[in-house]
Amino acid sequence: MPIVIEQPVEARLVAAAPRMPSIPATLHYDRRDPFAVRMTFPAPATLEGVEVCWTFSRELLTEGLTESVGHGDVRVRPYGYDRTVLEFHAPEGTAVVHVRTGEVRRFLDATGELVPVGLEHLQLDLDHDLAQLMRDV
């Protein structure tokens with residue numbers, strides 16, 4: 001059984017500039033960090049010209065399919081029947097992207113098969129993590 005799920009998605013950047021084409025992005029889930037998902041954007045799609053990766057909770061992404069959620073750097077909400085909006089807030093500004101809801105659902109279904117919702121804690125090795133933290137003390 002794999003420990004990592006990566007799924008490419010097509011993201012459409014919403015901007016004041018002329019309509020940009022869709023940009024590739026990747027949703028990433030690692031059962032060793034079972035509460036989190038990451039969304040990575042390639043260097044050509046970013047203002048800095050470097051790959052950018054945002055990490056946020058799987059729960060936030062799940063809830064954002066049906067209601068507006070998030071109060072911090074990442075916010076998620078449904079948009080119409082087949083789109084999900086992700087907002088990424090940083091000191092440099094805000095990026096708003098639309099992703100097909102079906103792609104997000106497929107990703108979340110795959111993560112749920114790997115680590116069922118509510119059983120994430122079983123993936124954690126707290127003794128090992130604590131030993132790693134204490135190693136440098």
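1. The structure holds 3 aromatic pairs. This is a predicted model, and the points below should be read as computed from it.

2. Trp54 lies in strand S4 and Phe88 in strand S6, so the contact ties together parts that are 34 residues apart in sequence. Trp54 is buried, as is Phe88. Together with Phe56, the residues Phe41, Trp54 and Phe88 make up one aromatic cluster.

3. On the overall fold: the protein has 3 helices and 7 strands. Along the sequence these follow the pattern β-β-β-β-α-β-β-β-α-α. Of its 137 residues, 35% count as buried. Among contacts between residues at least 6 apart in sequence, 39% join residues at least 24 apart. The accessible surface comes to about 8600 Å², and 56% of that area belongs to carbon and sulfur atoms.

4. The 7 strands form an open sheet with antiparallel pairing, in the order S4-S3-S2-S1-S7-S6-S5. Strand S4 (52–57) and strand S5 (74–79) are at the edges with a single partner strand each, so one side of each is left without a neighbour in the sheet. Neighbouring strands are turned against each other by 30° on average, direction ignored.

5. Within this sheet, strand S1 (residues 4–14) and strand S7 (residues 93–100) pair in the antiparallel sense over 4 bridges. Leu13 has Val97, in S7, as its bridge partner. Helix H2 (residues 101–114) lies across S1, S2 (23–30), S3 (36–41), S6 (83–90) and S7, and runs at about 160° to S1.

6. Turning to charged side chains, the count comes to 3 salt bridges. Side chains of opposite charge can pair when their charged atoms come close. Glu10 forms a salt bridge with Arg100, the closest N and O atoms being 3.7 Å apart; the cut-off applied to such N and O pairs is 4 Å. Glu10 is in strand S1 and Arg100 in strand S7, so the pair ties together parts that are 90 residues apart in sequence. Glu10 counts as partly exposed at 30% relative accessibility, and Arg100 is partly exposed with a relative accessible area of 34%.

7. Asp30 forms a salt bridge with Arg32, where the closest N and O atoms are 2.6 Å apart. Which of the two partners is buried, and which is exposed? Asp30 is buried, with a relative accessible area of 12%, whereas Arg32 is exposed, at 57%.

8. Arg77 forms a salt bridge with Glu87, with the closest N and O atoms 2.4 Å apart. Arg77 sits in strand S5 and Glu87 in strand S6, 10 residues apart. Arg77 is partly exposed, with a relative accessible area of 29%. Glu87 counts as buried at 14% relative accessibility, because buried means under 20% relative accessible area.

How values were computed
Residues are numbered from 1 along each chain as its sequence is written. This is a predicted model: local features need pLDDT of at least 70, side-chain atom pairs count only at pLDDT 80 or more; totals for chains, interfaces and linings use all residues. Side-chain values use heavy atoms; hydrogens and water are left out. Helices (H or I, at least four residues) and strands (E, at least two) are DSSP runs, numbered from the N terminus. Buried means under 20% relative accessible area, exposed over 50%, partly exposed in between (1.4 Å probe, protein chains only). Contact means heavy atoms within 4.5 Å. Accessible areas come from the Shrake-Rupley method with a 1.4 Å probe; for residues, only the protein chains shown count as cover. Two strands pair if DSSP finds at least two bridges between them. Axes are lines fitted to C-alpha atoms, for helices over the stretch in contact, and angles run from 0 to 180 degrees between N-to-C directions. Rings of Phe, Tyr and Trp (its six-membered ring) pair if their centres lie within 6.5 Å; planes under 30 degrees apart count as stacked, over 60 as edge-to-face and the rest as tilted.
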